[in-house]
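Keep the selection tool at hand, as each stop asks you to pick something out.

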Amino acid sequence: MSSRLTAPAFEFEPKPRRASVGVDVGGVMVGGGAPVVVQSMTNTDTADIDATVAQVAALYKAGSEIVRITVDRDESAAAVPKIRERLERLGLDVPLVGDFHYIGHKLLADHPACAEALAKYRINPGNVGFKDKKDRQFAAIVETAIRHDKPVRIGVNWGSLDQELLTRLMDENQAQGFPLTAQQVMREAICQSALLSAELAEDIGLPRDRIILSAKVSAVQDLIAVYAMLATRSDHALHLGLTEAGMGTKGIVSSSASLGILMQQGIGDTIRISLTPEPGGDRTREVQVAQELLQVMGFRQFIPVVAACPGCGRTTSTVFQELAQKIQEDIRRNMPVWREKYPGVEGLKVAVMGCIVNGPGESKHADIGISLPGTGELPAAPVYIDGKKALTLRGTNIAGDFEALVNDYIEKRFSPATSSAAE
């Protein structure tokens, strides 16, 4: 086999981000070349102000840059300005998106303070109205958005797809001798629903830089196909999300597979991971997954990376597992403070390895790393800092000693005072 270097047969680098029109959502830019934005949604009753404020605050502190809330009745609409005011008193400048279905036009008209407090409106063309009411009620929401200078996300969902549009396309397909499968017609209906609604909104007077599109389905291949169609037929900013992704690993894998492929193709300006929370589970989990997806793909950095080996027969001790878990938890807990105190700390790389096979090498590649002793190895743990062996830890408190070293490294490297003194 020749050892001569040759160009790769395939292109492995991500494609350049698709050019899209930028949309300002309460001070957060979506599209227009801005970094991909992380979103989430509360599952509290919006009329319960205390619970909603608490969950919005938790999601925002976890890293959700935009948070959507349900506005489904008068009580929830009346609560929105109070929620906004409470968040501002807490110093949380998080853009709130109102999720409207069926009676959004009426709620916005009856509650102008709600219309003003929200940073964006999300409407579903499949249930904004039916028959002759559809365009009229859609127009009413768009006109409210224009008056209050708010952007609108036109969010198509295959669970509530415009049946008149779907039926028309099915009939046209039949008349042409079924050139498309039913699945292909459904994908086309989703795409057309978004594009036709955006065209109508622009005709009413909503500028293109106030429109975001989404087309959510729950099947991975359908999602990829629909967004690929939208990306080639429009320059609107696109919100990505696999709807009803599911619970636990199923939801994480499905969302990561579909959104990862789309973002690798340069498609997507903002994302949400729609996980079903475990009973009593933490809603912020979906924010963490979204951040980790963007980070592992190299699109953004949110939090220091902790590399840890999977373990094998050489690593019968659980010390390295416990240490990796502890450091990861400490980082997540401290990041809200660290972001302000240590600029650039999100780029830190930590390695916690369990034996001598890959431990020293992986630790050298990290900013700070430790290679814990594996089965049968000497009870010593070399620590590498900035690629060089700095010291060896021994004794019963190796984990605690290494945690202290990590904290000391962060203080020395990322503290603005330290950086200024070095200059």
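**Stop 1: the barrel.** Note before starting that this is a predicted model. Select strands S3, S4, S5, S6, S7, S8, S9 and S11. They make a closed barrel of eight strands, in the order S3-S4-S5-S6-S7-S8-S9-S11, and the pairing is parallel. In general, strands of a sheet pair through backbone hydrogen bonds, either parallel or antiparallel.

Stop 2: Hide all but S6, residues 120-123, and S7, residues 152-157. How many bridges join S6 and S7? There are three, and the two strands pair in the parallel sense.

**Stop 3: helices on the strands.** Next select helix H10, residues 285-296. H10 lies across strand S3 (37-41) and strand S11 (270-271), and runs at about 160° to S3.

**Stop 4: a serine in a helix.** Select helix H9, residues 248-264, and pick serine 258 within it. Is serine 258 buried or exposed? Its relative accessibility is 0%, so serine 258 counts as buried, the cut-off for buried being under 20%. Show Val220, Leu223, Ile224 and Leu242 as well: serine 258 is in contact with these residues, leaving aside its neighbours within four places in sequence.

**Stop 5: the largest pocket.** Select Tyr60, Lys61, Gly63, Arg339 and Glu340, which are the closest to the centre of the largest pocket among its 18 lining residues. The pocket has a volume of about 470 Å³. Helix H1 (49-62) and helix H11 (319-341) are the elements that give two or more residues to its lining. H11 gives the most, with four residues. Coloured by class, the lining shows seven nonpolar, four polar and seven charged residues.

**Stop 6: the second largest pocket.** Select Arg68, Asn157, Thr243, Glu244 and Arg272. Of the 17 residues lining the second largest pocket, these lie nearest its centre. Strand S7, seen at Stop 2, and strand S12 (275-276) each give two or more residues to this lining. The volume here is about 330 Å³. By class, the lining has three nonpolar, six polar and eight charged residues.

How values were computed: Residues numbered from 1 in each chain as written. Predicted model: local features only at pLDDT ≥ 70, side-chain atom pairs only at ≥ 80, totals over all residues. Heavy atoms only, no water. 1 Å grid on protein atoms, 1.4 Å probe; cavity = no way out; pocket = protein on both sides within 12 Å on 5 of 7 lines; lining within 4 Å. Points joined across faces, edges and corners; volume = space filled by probe spheres on them. Nonpolar A, V, L, I, M, F, W, Y, C, P; charged D, E, K, R; others polar. Pairing = 2+ DSSP bridges. Contact = heavy atoms within 4.5 Å. Axes fitted to C-alpha atoms, helices over the stretch in contact; angles between N-to-C directions. Buried < 20%, exposed > 50% of the residue type's maximum accessible area, 1.4 Å probe, protein only.
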